[in-house]
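Here is a short briefing on one protein model.

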Amino acid sequence: MIRETIVTTVSASGAPHIAPMGATPIEGGWLLQPFRPSTTLDNFLATRCGVVNFTDDPRVFAGAVTKRRTDWPTVKAELVDSARLEHALACHEVRVERIEDEDAQRPKLHCAIVHRQNLAPFPGLNRAVAAVLEGAVLVSRLHMLPDEKIEQEFAYLQIAIDKTAGPQEREAWSWLTDAVRDHRAKAAS
């Protein structure tokens, strides 16, 4: 199982960084596999800690993958020397306990949860949020997937947007569709 999360880390100098990341639950923590090269991986290697954030704001995911917005408010974590999303619903502060570095592209960071926080009530599921998350994953793979696949998937996901989206989901969706349009335009030129 993989959970779609926002991972926050800080650099050695304390600058916060936000990245969407699929996190795999493991006994006592999370398996994180940031890509190499990435700021997230550099920060984890430098500080050995971070925060796995749970949010239902789809704009954080869409903003990060489209580079539309990466300045989401953060606050200092409680127990680890890192930051968490200010408006997360919940978060798990983690420490890297072990690194498997056999994969040249994605090392495996085995992280133990050292602190859990519930920060806000979970307001329920929204199909449009799920559609934005899937769209964000597709946008992160535009360079790897055929245009037909992207077009098909976005057409299907548009149904959930049309039926269930609120203002946040519509804004996030527009960032994703703009990214797809821009990608096609670059490929055509």
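In this predicted model, the axes of helix α2 (residues 58-66) and helix α5 (residues 167-188) come within 8 Å and cross at roughly 15 degrees. That angle makes α2 roughly parallel to α5 (angles under 35 degrees). Axes are lines fitted to C-alpha atoms, for helices over the stretch in contact, and angles run from 0 to 180 degrees between N-to-C directions.

**The helix pair**
- The crossing of α2 and α5 is left-handed: the near helix is turned anticlockwise from the far one by less than a right angle.
- From α2, Pro-58, Arg-59, Ala-62, Gly-63, Val-65 and Thr-66 take part; they meet Gln-168, Glu-169, Glu-171, Ala-172, Trp-175, Leu-176 and Ala-179 of α5. Contact means heavy atoms within 4.5 Å.
- By class, this contact has 7 nonpolar, 3 polar and 3 charged residues. Ala, Val, Leu, Ile, Met, Phe, Trp, Tyr, Cys and Pro count as nonpolar, Asp, Glu, Lys and Arg as charged, and the others, Gly among them, as polar.

**The whole protein**
- There are 5 helices and 8 strands, which are DSSP runs (helices H or I, at least four residues; strands E, at least two) numbered from the N terminus.
- Their order from the N terminus is β-β-β-α-β-α-β-β-β-β-α-α-α.
- Of the 189 residues, 45% are buried (under 20% relative accessible area, 1.4 Å probe, protein chains only).
- The C-alpha trace spans about 45 × 40 × 30 Å along its principal axes.

**Basis**
- Residues are numbered from 1 along each chain as its sequence is written, and side-chain values use heavy atoms, leaving out hydrogens and water.
- Local features need pLDDT of at least 70, side-chain atom pairs count only at pLDDT 80 or more, and totals for chains, interfaces and linings use all residues.

Methods:
Angles under 35 degrees count as roughly parallel, over 145 as roughly antiparallel, 65 to 115 as roughly perpendicular and the rest as oblique. Buried means under 20% relative accessible area, exposed over 50%, partly exposed in between (1.4 Å probe, protein chains only).
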